[in-house]
Amino acid sequence: MAYQALYRKYRPKDFSSVKGQDHIVTTLKNQIQGDRIGHAYLFCGTRGTGKTTMAKIFAKAVNCENPGENGPCGECAMCRAIEERSTVNVVEIDAASNNRVDDIRQVIDEVQYSPAEGRYKVYIIDEVHMLSTSAFNALLKTLEEPPSYLIFILATTEVHKIPLTILSRCQRYDFKRISVETIAARLRELLEQEGVESEERALTYIARQADGALRDGLSLLEQCISFYFGQKLTYENVLKVLGAVDHAIYHELMEALVENHATGVVEVVGEVVEQGKDLTQFVNEFVWYLRNLLVVKTAEDAGSLIDMSEENLAELKGYAEKIELPMMFRYIRILSNLANDMKFDTNKRVMMEVALIRLCRPQMEQDYDSLVNRLHNLEQMNEELQDALESGAFAQMASGDNGSSGGAPKAAPEPRREIRPEAVPEDVRAVVANWKQVLGRISPVSRTMLEDVRLSVSEGGALIMAFPQETTANYFKKEDCQNELIEAAGQLTGKDIKLDVRHVESRQQMSALPELRNLIKNVEIEMID
């Protein structure tokens with residue numbers, strides 16, 4: 001007998017063999033047992049989830065001479081005839097290649113004749129969304145008033161392309177993506193029948209790469225056991241065959257991103273290319289790695305949610321502590337967009353390197369996640385500077401007066417803010433007109449936080465600082481942050497301004513506040529030293 005692919009050789013023959021679609025199996029079994037069989041069914045879902053397989057089992061079950069609890073018996077004449085495709089009672093049509101109105105009219109002509117054997121004529125139309133508009137219109141009348149012996153089973157991966165007039169006349173069943181655990185268990189069961197040894201990690205990895213499609217999992221499994229024919233299927237072998245990489249390189253790339261080391265990320269890309277790995281797959285897997293980091297950082301019982309060894313999980317927790325949530329969201333957003341763009345681009349390496357360098361340079365973007373990333377970088381710089389100060393590099397400068405070595409270093413007196421007269425609205429406008437000079441007199445962190453501020457003036461003469469993000473608004477509601485701004489403005493005007501810090505989430509409310517920087521033109525003020 002000619003060799004058959006695994007997904008064909010082990011295609012389920014009855015309802016008990018169908019995996020991961022229990023909600024559909026139960027419904028169809030109850031309809032058969034209660035003799036409440038419909039005339040039109042719509043099976044929709046992603047590829048490889050069992051739509052066509054379920055349609056064939058259902059077609060056998062409704063025509064079976066001795067149906068049981070699991071559907072068709074598989075032994076009667078009708079079951080064997082349908083399995084061997086020697087009966088006209090079950091007709092499979094590929095709408096991708098038979099999508100014209102003439103093809104559907106031919107079907108309509110055929111359904112006028114009752115079945116010569118069995119109870120029902122079943123037409124399985126695969127990829128039904130490929131039918132033309134005129135073909136759908138021709139099918140509509142038959143779906144609306146079908147003969148009692150006729151059943152249509154329509155299968156599609158793109159249900160949104162089906163006309164509403166067709167949808168309303170069908171019983172719709174949505175096929176779910178099959179879980180990693182279910183796919184791995186099925187792979188293990190088939191390998192036992194094939195007499196092939198395997199590691200649990202290898203099967204779990206293949207199941208994850210299948211992305212919810214059991215058929216894809218079987219195809220990947222077949223590829224792996226064919227390459228290592230007669231050998232035990234190990235995790236390392238699976239990585240080599242599927243062009244995947246181990247966790248170590250993800251840790252290396254993560255380390256380079258956290259440290260904003262652009263050279264390091266380019267070197268990692270070069271290493272991946274040298275190993276012959278597929279860059280699109282690498283990006284998708286790195287996004288999954290970031291997802292695991294996100295779970296570790298936010299979930300209490302991350303071990304039960306991540307399929308990973310304790311050693312790798314502990315290492316992952318260490319990296320999760322180094323990176324903030326908004327930074328993770330930014331990484332995932334940019335890399336997910338990159339994975340989609342790489343599908344249609346020929347120079348994938350350049351696209352990937354540009355995206356990774358962009359992650360190392362948050363100042364290239366103006367969104368909230370990038371702002372948090374930049375603040376994270378500033379905090380790291382401050383920590384490094386603090387370590388340098390505490391290490392004693394400046395101890396000689398801090399000890400004694402006029403180079404004397406005796407005595408403890410004297411603490412510098414806290415600067416006292418000069419008491420100035422209260423500012424009037426004209427002074428506030430002068431401050432706004434010279435806003436760049438104000439920014440030059442405050443700390444880099446405060447300057448960064450003020451990038452998305454909207455400046456206006458209240459009726460009482462206070463400087464309104466409106467922020468779209470609550471985090472930045474709360475930052476400037478602190479007394480020390482406000483004093484820093486008031487002092488910087490006072491050095492320019494000789495007046496103390498009042499601040500009115502607000503969090504304005506609504507775009508309409510934000511637009512209602514006039515932006516003083518756009519209204520004030522060439523206002524001159526006298527500089528105060």
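A residue counts as buried when its relative accessible area is under 20%. Cys481, with a relative accessible area of 6%, is buried for that reason. Keep that cut-off in mind as you look around this structure, which is a predicted model.

- Averaged over the protein chain, the pLDDT comes to 81, and 83% of the residues reach at least 70.

**The five-stranded sheet**

- Here's a bit of background: strands of a sheet pair through backbone hydrogen bonds, either parallel or antiparallel.
- This open sheet has five strands in the order S2-S3-S4-S1-S5, and the pairing is parallel.
- Which strands stand at the edges? They are S2 (90–94) and S5 (171–175). Each has a single partner strand, so one side of each is left without a neighbour in the sheet.
- If you ignore direction, neighbouring strands in this sheet are turned against each other by 15° on average.
- Zoom in on S3 (residues 121–126) and S4 (residues 150–156), and you'll find a parallel pair with five bridges. Ile124 has Ile153 of S4 standing opposite.
- Helix H2 (residues 22–33) lies across S1 (40–45) and S5. Against S5, helix H2 runs at about 150°.

**The three-stranded sheet**

- Another open sheet has three strands, ordered S6-S7-S8, and its pairing is mixed.
- S6 (454–457) and S8 (499–503) are the edge strands here. Each of them pairs with a single strand, so one side of each has no neighbour in the sheet.
- From one strand to the next, the twist averages 25°.
- S7 (residues 463–467) pairs with S8 in the parallel sense, over five bridges. Ala466 has Arg502 in S8 as its bridge partner.

**Helices that pack together**

- Two packed helices are described by the angle between their axes and the distance between the axes.
- Take H9 (residues 200–209) and H14 (residues 279–298): they pack at about 105°, and their axes are 13 Å apart.
- How are H9 and H14 oriented relative to each other? Angles of 65 to 115 degrees count as roughly perpendicular, so H9 and H14 are roughly perpendicular to each other.
- To find where they touch, look for Tyr205, Arg208 and Gln209 in H9, which meet Gln281, Glu285 and Trp288 in H14.
- H14 also pairs up with H17 (residues 348–360): their axes come within 10 Å and cross at roughly 30°. Angles under 35 degrees count as roughly parallel, so that label goes to H14 and H17.
- On the H14 side, Leu279, Thr280, Phe282 and Val283 make this contact, and on the H17 side it's Lys348, Arg349 and Met352.

**A buried glycine in a loop**

- Gly212 sits in the loop between H9 and H10 (214–227). Is Gly212 buried or exposed? At 8% relative accessibility, Gly212 counts as buried.
- What does Gly212 touch, leaving aside its neighbours within four places in sequence? The contacts are Thr49, Arg177, Ile178 and Ile183.
- Thr49 is 163 residues away from Gly212 in sequence, but the C-alpha to C-alpha distance between them is 7.3 Å.

**Two loop residues with a positive phi**

- Most residues other than glycine have a negative phi, and most peptide bonds are trans.
- Asp35 is not a glycine, yet its phi is positive at about 55°. You'll find Asp35 in the loop between H2 and S1.
- Glu127 isn't a glycine either, and its phi is also positive, at about 50°. Glu127 lies in the loop between S3 and H6 (133–144), and its relative accessible area of 23% makes it partly exposed.

**Cysteines**

- A disulfide is a covalent bond between the sulfur atoms of two cysteines.
- How many disulfides does a search of the whole structure find? It finds zero.
- Like Cys481, which is buried at 6%, Cys170 counts as buried, with a relative accessibility of 13%.

Key: Residues are numbered from 1 along each chain as its sequence is written. This is a predicted model: local features need pLDDT of at least 70, side-chain atom pairs count only at pLDDT 80 or more; totals for chains, interfaces and linings use all residues. Side-chain values use heavy atoms; hydrogens and water are left out. A disulfide is a pair of cysteine sulfur atoms within 2.5 Å. Buried means under 20% relative accessible area, exposed over 50%, partly exposed in between (1.4 Å probe, protein chains only). Two strands pair if DSSP finds at least two bridges between them. Helices (H or I, at least four residues) and strands (E, at least two) are DSSP runs, numbered from the N terminus. Axes are lines fitted to C-alpha atoms, for helices over the stretch in contact, and angles run from 0 to 180 degrees between N-to-C directions. Contact means heavy atoms within 4.5 Å. pLDDT is the predictor's confidence in each residue, from 0 to 100. Angles under 35 degrees count as roughly parallel, over 145 as roughly antiparallel, 65 to 115 as roughly perpendicular and the rest as oblique.
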